[in-house]
Amino acid sequence: MSKLMEQFLEQSAQAEDGFYRMEEQRLQAEDRRREAEHARELHMLQMLGQMFASISSSRPGSAATPCKTAPPPPPPPTASITAQRKTLTLVISAVLERYYALGSTSHKGMEDDILSLVKTIIPPLTSKKHKGQDGRIGIIGGCQDYTGAPYFAAISALKVGADLSHVFCTKDAATVIKSYSPELIVHPVLDSPNAVEEIEKWLPRLHGLVVGPGLGRDDFLLKTAKEVIERSKARDIPIVIDADGLWLVTQQPSVIQGYQKGILTPNFMEFTRLYEALHHEPMDSSDHQRGVLQVSAAMGNLTLVLKGEQDLITDGSRVFSCSVEGSGRRCGGQGDLLSGSMGVLAHWAHTASTAGTVRSVNPSVVAAFGACSLTRQCNSQAFQQHGRSTTTSDMIQEIGSAFKKLFES
């Protein structure tokens, strides 16, 4: 009986792998179809533009002036030309309307496609797994002034699906963070003289790292965080950097520059500081898409998430926009929910990439899109119940149902 069960599970796993491969091929074919359709629309616009230019050049007075002895030329068919121009203008307007409608459809289709990819990276829940296999996540942050942020990030990682969640904080923050939840493993080592060595002992056991929630800007803590990032990179661990971790990156971009398993999650102010530090000039605040592409490229095609009305996600090649409906509530702590959940999804995405499940899209981008969608969905669901009084704690309570609605329906 046991052998039959094992054979059944093996066949199920093979069938699941086959499904994921077919889904990946379907998504790639859909991308090619959309690109071809865009190319056809652009070609039509160019042809219509040339036609419009040729008609415009036929306006009265454009012909050469006749000599005095020649009979006067017949009056130009201005009525006919005007009618042609009107007809062509209507055609161009229709094509433009179609083109932009196609762009909107393509954007929505692209959002649906990457959401489908997020679903493929989620590991199935089976009795054959052991504790820790679905993710052991470390949070670097937590000091006397900021104890809520690392808690929010760590508990969100657990609720998304990580098996274990570690917080590496200062000694005076540890007892407070422990009192929030018995679910977390709290290490009061961040301000100890040998902090880097104390944290490094745990790195071989971690699948993902989130640097910044509640870190503060103390020079010693920032120096410790920098060294931990360097040693985590050497172990090829996915790293999400948020909050005061981004302050460190703004001061020293090389700490994460070019690391393909790194993700930055700035809000607008943090993004502006980073842009100006990299480009030494003010940012054009009217073109965020261009800005995120420039920053990502300057950071060595690092995955970047600009949080805002729509979250913009890029790895320097193209920009994905996450427009899952949230709410107008902007309480503190939402970014910690985002970074904690992203730490787990980054581990899952890179594991799926290694297994060949994710091929067409950067796994860090898939993880970022999934975390942004989940955070927005939690915000929406919590706001429906609590309205203006919604807090991040209310949003965290929605993670389970929001995750199921987005990724398991």
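Trainee: In β8, which residue is the bridge partner of Leu306?
Mentor: This is a predicted model. Strand β7 covers residues 303–306 and pairs with β8 in the antiparallel sense over three bridges. Across that pairing, the β8 partner of Leu306 is Leu312.

Trainee: How many residues lie between β7 and β8 in their hairpin?
Mentor: The two strands pair in the antiparallel sense. They form a hairpin, and the residues between them number four.

Trainee: In β9, what is the bridge partner of Ile313?
Mentor: Strand β9 spans residues 319–322. It pairs with β8 in the antiparallel sense over four bridges. For Ile313, the β9 partner is Phe320.

Trainee: Which residue takes a positive phi in the hairpin of β8 and β9?
Mentor: That hairpin has four residues between the strands. One of them has a phi near 95 degrees, and that residue is Gly316.

Trainee: Which residues of β8 point the other way from Asp311 and Ile313, and are they buried or exposed?
Mentor: Strand β8 runs over residues 311–314. Asp311 and Ile313 point one way, while Leu312 and Thr314 point the other way. On both sides, the residues are buried.

Trainee: Why does Asp315 count as buried?
Mentor: Asp315 lies in the loop between β8 and β9. Buried means under 20% relative accessible area. Asp315 is buried because its relative accessible area is 12%.

Trainee: How far apart in space are Asp315 and Val365, C-alpha to C-alpha?
Mentor: In sequence they are 50 residues apart. Yet Asp315 is in contact with Val365, and also with Ser296, Asn301, Leu302, Thr303 and Asn362. The C-alpha to C-alpha distance is 6.9 Å.

Trainee: What volume does the largest pocket have?
Mentor: Its lining has 25 residues, and those closest to the centre are Lys307, Gly308, Arg330, Gln334 and Gly335. α10 and α11 each supply at least two lining residues. The volume is about 580 Å³.

Trainee: By class, how many residues of the lining are charged?
Mentor: Five lining residues are nonpolar. Eleven are polar. The charged ones number nine.

Trainee: Why is Asp336 classed as buried?
Mentor: Asp336 is found in helix α10, residues 334–354. Beyond its sequence neighbours within four places, Asp336 is in contact with Ala149, Phe152, Ala153, Pro213 and Asp242. It is buried because its relative accessible area is 10%.

Trainee: What relative accessibility does Phe271 have?
Mentor: Phe271 lies in helix α8, residues 268–279. Its contacts beyond four places in sequence are Pro266, Met283, Gly291, Val292, Val295, Leu304 and Leu306. Phe271 counts as buried, with a relative accessibility of 0%.

Trainee: How many residues of helix α7 are buried?
Mentor: Helix α7 covers residues 244–251 and is mostly covered. What covers its buried residues includes β4, α6, β5, β6 and α8. The buried residues are Asp244, Gly245, Leu246, Leu248, Val249 and Thr250. Of eight residues in α7, the buried count is six.

Conventions. Residues numbered from 1 in each chain as written. Predicted model: local features only at pLDDT ≥ 70, side-chain atom pairs only at ≥ 80, totals over all residues. Heavy atoms only, no water. Buried < 20%, exposed > 50% of the residue type's maximum accessible area, 1.4 Å probe, protein only. Contact = heavy atoms within 4.5 Å. Pairing = 2+ DSSP bridges. 1 Å grid on protein atoms, 1.4 Å probe; cavity = no way out; pocket = protein on both sides within 12 Å on 5 of 7 lines; lining within 4 Å. Points joined across faces, edges and corners; volume = space filled by probe spheres on them. Nonpolar A, V, L, I, M, F, W, Y, C, P; charged D, E, K, R; others polar.
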